[in-house]
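Morning, everyone. Please have a look at the fold on the screen.

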Amino acid sequence: MWKEFKKFAIQGNVLDLAVAVVIGAAFGKIVSSLVEHIIMPLAGILLGGYSFEKLELQMGDAVIKYGIFIQSIVDFFIISAAIFVFIKLINKVKFEKKEDEADAPKKPSEVELLSEIRDLLKAEKRNVQE
């Protein structure tokens with residue numbers, strides 16, 4: 001089992017996954033900060049000076065902080081949109097690469113080349129005999 005794990009780890013899968021997790025966590029923090037410190041205050045100003053962070057509903061001892069929930073929803077949509085755009089760009093690059101490979105002229109096979117040479121030699125032989 002240890003050998004299999006070493007092989008798996010050395011292949012780069014674990015390292016790629018670790019890098020993706022770290023970058024994803026950093027990206028999530030950046031987006032959360034953007035939403036919390038820029039977007040939601042601007043939305044609050046546009047809606048009459050509300051602070052979404054402080055929006056809450058108190059029922060007895062229970063406090064329902066729905067403003068923070070709204071911020072989390074905005075975070076989710078921004079992160080989802082960014083991931084969607086990123087994946088679209090990656091797919092576009094992959095599609096263009098495949099398209100370039102498909103547009104490249106195909107080299108004739110050896111059989112086709114030999115057949116063409118044979119036909120040219122036959123045609124030349126006929127021209128010499130006439």
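Of the 130 residues in the protein chain, 8% count as buried. Buried here means under 20% relative accessible area, exposed means over 50%, and partly exposed lies in between, with a 1.4 Å probe and protein chains only. This is a predicted model: local features need pLDDT of at least 70, side-chain atom pairs count only at pLDDT 80 or more, and totals for chains, interfaces and linings use all residues. Residues are numbered from 1 along each chain as its sequence is written, and side-chain values use heavy atoms, with hydrogens and water left out.

Now the layout. The protein chain has 4 helices and 2 strands. Their order from the N terminus is α-α-β-β-α-α. These are DSSP runs: helices are H or I with at least four residues, strands are E with at least two, numbered from the N terminus.

Next, the core. Which residues make up the largest nonpolar core? Val31, Val35, Met40, Phe52 and Leu55, 5 residues in all. Such a core is a set of buried Ala, Val, Leu, Ile, Met, Phe, Trp, Tyr and Cys residues, joined through side-chain atoms within 4.5 Å. Val31 also touches Asp75, Ile78 and Ile79, leaving aside residues up to four places away in sequence. Contact means heavy atoms within 4.5 Å. Of the chain's contacts with a separation of 6 or more, 42% link residues 24 or more positions apart.

The protein chain exposes about 11700 Å², and carbon and sulfur atoms supply 67% of that. Areas come from the Shrake-Rupley method with a 1.4 Å probe; for residues, only the protein chains shown count as cover.

There is a nonpolar surface patch of about 840 Å², with Leu57, Met59 and Phe69 among its residues. For such a patch, residues need over 30% relative accessible area and no salt bridge, and nonpolar side chains (Val, Leu, Ile, Met, Phe, Trp, Tyr) are joined within 5 Å. H3 gives the largest share, 5 residues. Tyr66 sits in helix H3. Tyr66 is partly exposed, at 38% relative accessible area.

Last, helix H4, residues 110-129. H4 reaches 29 Å from first C-alpha to last, close to the 28 Å expected at 1.5 Å a residue. The expected span is 1.5 Å times one less than the number of residues.

How values were computed
Patch = residues over 30% accessible without salt bridge, like charges linked within 9 Å, V, L, I, M, F, W, Y side chains within 5 Å. Salt bridge = Lys/Arg side-chain N within 4 Å of Asp/Glu carboxyl O.
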